[in-house]
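Have the model open in your viewer and your selection tool ready.

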Amino acid sequence: MKKMKKLVVVMLVLSLIVAMVGCSSAPSGDSQGGAGGDQEKYVIRAGIGLNDQHPQFKGLEVFKEYVERESNGRIEVQLFHSSQLGDDIQMMEALQLGSQEVTCPSSAPITSIDKRFMIFDLPFLFPTEEVASDFVDGPLGQELLDGLEEHGLVGLAYWENGYRHLTNNVREVQTPADMNGLKIRTMENQVHLDFFRALGANPTPMPFGELFTAMQQGVVDGQENPVPTIYLQNYPEVQKYTTLTGHVYSPFVLLMSKIFWDGLPADLQEVVEDGALVARDEQRRISREYTEELTEGLREAGMTVTELTPEQQRAFQEATSSTVEKFRNEIGAEYVEEVLAEIERLSNR
Ligand code: TK8
């Protein structure tokens, strides 16, 4: 009898805990409505650093529409832009803790979790956007995504950021010598720092959300990002010169919290996976379209846009070859060889 009582008490306490967890997690977006059944609802909060004009946000809108429709409303996707939920590193940490569900950083800050991602920061690696997307969608790209699981992240897909170009407010840059002494904001990434030091510039790593103000106030002279970002984040208001250096192609990586993922039923995991790929294809299409249109847009907005001849570009490549050498060893020479061979193979198809 005593045992029975104890059991009842334990059961009561347990059900109370279940109820409390259910309530407290409701606004934070975890599964709602108690245990079990088809009717459980899930909320995905997806946050990014860029604004709502950027192709990345358009991609998230496609993801939201797909996932909400194909889950018959069992998943709700809420979108946050302009670092409303924090910067890339903070949002990745929130995913690892399970307090946010989705984010889409550039690959560069992911190197703090797995340094193999540094391959994407090696200068002048991918000859075309097509080779880059074939590479990331192929086995080596997948292997990198799979490696994130042990760090509490599920890599859903690679989206496109595009080739990165230099802007600054001091002078037109055509040669490595023109970089001398320029204060350049970089992403928080060792390879980028080394690259700009090799060019004689003065690199300053900084979260993306602080960049506009830093340029406006002259804390930095310049930065580097793809054309859609330069245009849509209104950099022509605070920057005079763009040089189409195309020095790095660093993709976006669509990430989900592993804690959240593990709590999703298999059929909804499939919806999320498919949605990530459907959105990826549309996001890449929009990104390439914007890149073409907005290069002219930068001129119309008053910037001097400088294209480099192949020889001029080679001068940048040669001036920074020490960066490739240095990080070849840091990342792992054998792994870098494998990556280079795969890129070579894809380029010659
Ligand atoms: C946005 C960043 C951005 C990246 C950067 O959060 O930091 O310059 O290119 O797009 O991920």
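**Stop one: the second largest cavity**

Start by selecting Phe124, Leu166, Met179, Phe195, Phe196, Leu199, Thr245, His247 and Phe316, which line the second largest cavity. Two elements give two or more residues to this lining: α6 (190-198) and β9 (241-249). Keep in mind that you are looking at a predicted model. The space inside this cavity comes to about 50 Å³. Colour the lining by class and you will find seven nonpolar residues, two polar ones and no charged ones.

**Stop two: the largest cavity**

How many cavities of 30 Å³ or more does a search of the whole structure find? There are two. To visit the largest, select Asp88, Ser106, Arg185, Met187 and Phe208, which lie nearest its centre among 23 lining residues. About 240 Å³ of space is found here. The lining of this largest cavity is made up of nine nonpolar, nine polar and five charged residues.

**Stop three: helix α12**

Now select residues 321-331, helix α12, and show the side chains of Thr323, Phe327, Arg328 and Ile331, which are buried. Why do they sit on the same side of α12? Because the arc they cover around the axis is only 135°. An α-helix has 3.6 residues a turn, so residues three or four places apart point the same way. Next, bring α6 back into view along with α13 (333-347): the buried residues of α12 pack against both. Finish at glycine 332, which follows α12 and has a positive phi, near 125°.

Conventions. Residues are numbered from 1 along each chain as its sequence is written. This is a predicted model: local features need pLDDT of at least 70, side-chain atom pairs count only at pLDDT 80 or more; totals for chains, interfaces and linings use all residues. Side-chain values use heavy atoms; hydrogens and water are left out. On a 1 Å grid over the protein atoms alone, a cavity is a set of points where a 1.4 Å probe fits but cannot get out, and a pocket is an open set with protein on both sides within 12 Å along at least five of seven lines; lining residues have an atom within 4 Å of a point. Grid points are joined across faces, edges and corners, and a volume is the space filled by probe spheres set on the points. Ala, Val, Leu, Ile, Met, Phe, Trp, Tyr, Cys and Pro count as nonpolar, Asp, Glu, Lys and Arg as charged, and the others, Gly among them, as polar. Helices (H or I, at least four residues) and strands (E, at least two) are DSSP runs, numbered from the N terminus. Buried means under 20% relative accessible area, exposed over 50%, partly exposed in between (1.4 Å probe, protein chains only). The arc is that of the directions from the helix axis to the C-beta atoms. Contact means heavy atoms within 4.5 Å.
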